[in-house]
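Please read them beside the structure.

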Amino acid sequence: MNNGIWQVFRREAGALFGATAAYLFIGAFLAVSLFAFFWAEAFFARGIADLRPLFAWMPLLLIALVAAVTMRAWSEERRAGTMEVLLGTPVASPALVAGKFLAALALVATALVLTLPLPVTVAWLGPLDPGPVIGGYVATLALAAAYIAMGLFVSARTDNPMVALIATVLLTGGFYLVGSDWLTALFPASTAGVMRLIGTGARFEAISRGVLDLRDLYYYLSLTLTFLALNVLAIERLRWAGGDGSRKRATAWRAVTALIAANCLVANAWLQPLATARADLTAGHRYTLSTASRDQLAGLDGPLVIRGYFSGRTHPLLAPLVPQIRDLLDEYARAGGAEVSVDTVDPRTDARLARRIREDYGIEPVSLKTANRYESSVVSAYFHVLVRYGGEHVVLDYRDLVAIKGERGGDVRVTLRNPEYALTSAIRKVRRRARHNGNPFAGLNAPVTFHGYVSPAAGLPGPLAKLRGSLEDILADLRRRSDGRLRVSFDNPQAGDAALARRLRDEYGFRAMTTRANRDESFYFYMVLEQNGRTVTVDLPRDLDPDTLREAIESGIRRFDARQQRTIAVYRPPKGLRARLGTGGRTYRTLLQRLEQHATVARTDLRDGHVPTGTDLLLVLSPRGLDERQRFAIDQFLMTGGTVVVAGSRRPVLVSAEDGLSVQPGDTGLADWLGHNGVSIGDRFVLDPQSGSLTLPSRRNGEVSMQTMDYPLFVDVRGDGLADVPALGNLRQVTMAWSAPVQVATAKARGLSITPLVRSSPRAWTSSERALLPDYDTHPLLGFPQPQDRGRRTLGVMLQGRFTSAFDTPPGPGPDGDGAARATPLIDHSPDGTRLVVFGGSNFLTDSALDIMARSMETQYLQPVTMVQNLVEASLADPALIALRGRNRFSRLLRPMRDETRRMVEYGNYAAALAGLLLVLVAQRAAAWRRRRRLRRILTEEG
């Protein structure tokens, strides 16, 4: 900083910080900022640990602050007659402008520094992502610089400070409004896109996400340089008016100003296509294409088409999201190279295209309601993304791409949920489908060996002897198609000294089989696929059909390809019970829809004693009265090395419009089987003062209103309550609704690795009461009785290792046949590394519980579903999607707190802002006193 700029800066800063009005402006700025943060944006009701409520209002607050700071910068000089003195100094006009600019920027920066207690507070209340905070403050300083340059230019054009104030508000407000959503919604998509590039607010929102884009930063720099140049030109014109210049000098300054403005405009246009020059500061680089996405794009065997269908005139809340999706699609195109084709079209402009995508892909416009102060209407718009590969396709609509967040006053905020996760999941799905319909050996990176531990045909019952011949034909055909990637080995465990039979029993738990018609004749018919030490057991088809056997073998081969589609078998309560529950009962539609995004979900009731062929994971939801054959199916699936997830207890909670909340106790049928493995689920609910909220009717002064209150039966688990294991991914918080405690008897679970996945806080307790609604009249603190027996309760546990079967013999025949000649194999134990996951209930996964939590939080709440998805994908050896799913910003929730804590936090921030302002005032007064004392000493010495 040269001496002229420094002298002007000191003079202007002293005047600004010495004026009482400056502290009034800063105080008003801080008060309005904090009010908007805590009240207008309902920070505690949002429940998300971020600073978006602060930065959402910052462009508007800066307009008022900057206009007040800059209105006297030049106009007061002209009105008071000191302008001639300034122009008569040897300081050049650019130095005068720069000094005043830096002084005003220092004052605005001081006001921003006084807001720093807010991010500190939020970081204390929840897992704050520092990236958007840094981006927000950088965006605020950049925007303030542009506004200050505009304000100085306006102030230089008039000698009336009030005129300067009004004109600055109009100019800066005009730049903000140009890109605002309600204004761009009135124009076609192409025009609206250009308006957003011009609008300061749209650029501000892009940076405040935590992405420092060179295009956005240079835009603010270009505005600042252009208006500072215009300011210098205005000052130079005053010099010319005083006879201190010439026509030639005037022409030169006009040319320089025009050149600066033209270069700024051209540079903005040149930088616009450059989307890679940016820094993603968010945790996990949420707005940068991840390694998981790049891996899906690598090694494509054919063209991948990603096409966005967006209407030019769409809902005003969706319109700002379209450019963000386009930028993301461009990243996919760059990462995928020539194999990836990306474009966006508006089907409204082509009737034939609209008809074709409706017939081929089922894409139709969605009717969305919109309203303004003058009218209410319905907009029929496209907001879809098509992903097509190898003859397979997936369509994503606005429900897959956006998140809708309720705001105070009934307003809503619409943001992108996690579009990269949705797109990468869709790409993964179409690739798996395409490969699944082709050669099962296409994705193998090493040969697979088929081991047939089968007795000779002469020692097998008639149907099995025939099936053995079919098996040899199937394997011969598969070997021809495998291109050397399938090896076949047959061994007779009953040959020789039966050493092989003993090894099979020790390693796989395989035992000799018999038929019910002839228990004296034993035989073997087991099949195992093996690759590099990893084994997959092929189940003997129940119907002994060769086609079913081929399907089972091919399904087993595909399980060695990590990119292939997985199958999840889901047990739910019988249809009769679900029918009695009605529409408000225990449905799992949200969970199943999420699982179907990345796997094939097969419903099963297990009544035939078997898990569906090709199943990779068995999910047992709310088991009710399971019989022996159903337990046997679960047991033997676990013995084959399959992962079993059990979510159930004796006290499911039902939600209905008529009865409200009610407990329906009953026997799961799994208590003895779980007990065999050392696990028991309690018959009491866990309550925890660290809890979620429930919106309930409250009567006050004779009026009934809905009030959100702490609800101890919604156990809020976070921090050390969540196990630090890859299976939980980036999960930071989960609410467990109406859960029972899970206990593990280490003596029975000997040799197994025990990992408590989900645990309550140390202040939790259990209750056997059936009352689910709080009674604040009897128990004013939390609404429920609180015993002295407090402590951590485990709500979910994972056991891993080698399990033993709970059955000595297969169960009797099922209801669909006598099974006299059918052989039912029995496996004694599972392979090492087998997983069993048990949760103390499935209430937390029901649609009704998720809906209740979403209403209380005013946003879609899917953390329990995300936890199960993570467990499923970790069991299916697909950790990449776990990390990608963790990018969702709605997973960063505030920790539960009491009303007293909320008030303390809010009032503490007001106090901190006031204390900071007083500290600045004291520092300024001390500096002024030292300056006066120095001047007096100088005058005394000279005298």
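1. Is arginine 480 buried or exposed? Arginine 480 is exposed, with a relative accessible area of 63%, where exposed means over 50%, buried under 20% and partly exposed in between, computed with a 1.4 Å probe on protein chains only.

2. The model is predicted, so that local features need pLDDT of at least 70 and side-chain atom pairs count only at pLDDT 80 or more, while totals for chains, interfaces and linings use all residues. Residues are numbered from 1 along each chain as its sequence is written, and side-chain values use heavy atoms, with hydrogens and water left out.

3. The structure holds 22 salt bridges, each a side-chain nitrogen of Lys or Arg within 4 Å of a carboxyl oxygen of Asp or Glu. One of them joins arginine 480 to aspartate 477, with the closest N and O atoms 3.4 Å apart; both residues lie in helix H21 (residues 462-482), three residues apart, or about one turn of the helix. Helices are DSSP runs of H or I with at least four residues, strands are runs of E with at least two, and both are numbered from the N terminus. Aspartate 477 is partly exposed at 21%, and a salt-bridge network links Asp477, Arg480, Arg481, Arg550 and Glu554.

4. Aspartate 716 and arginine 718 meet in a salt bridge at 2.8 Å, N to O; aspartate 716 is buried at 4% relative accessible area, and arginine 718 is buried at 13%.

5. Strands E7 (residues 383-389) and E8 (residues 392-396) pair in the antiparallel sense over five bridges, pairing being assigned if DSSP finds at least two bridges between two strands. Valine 387 stands opposite valine 394 in E8.
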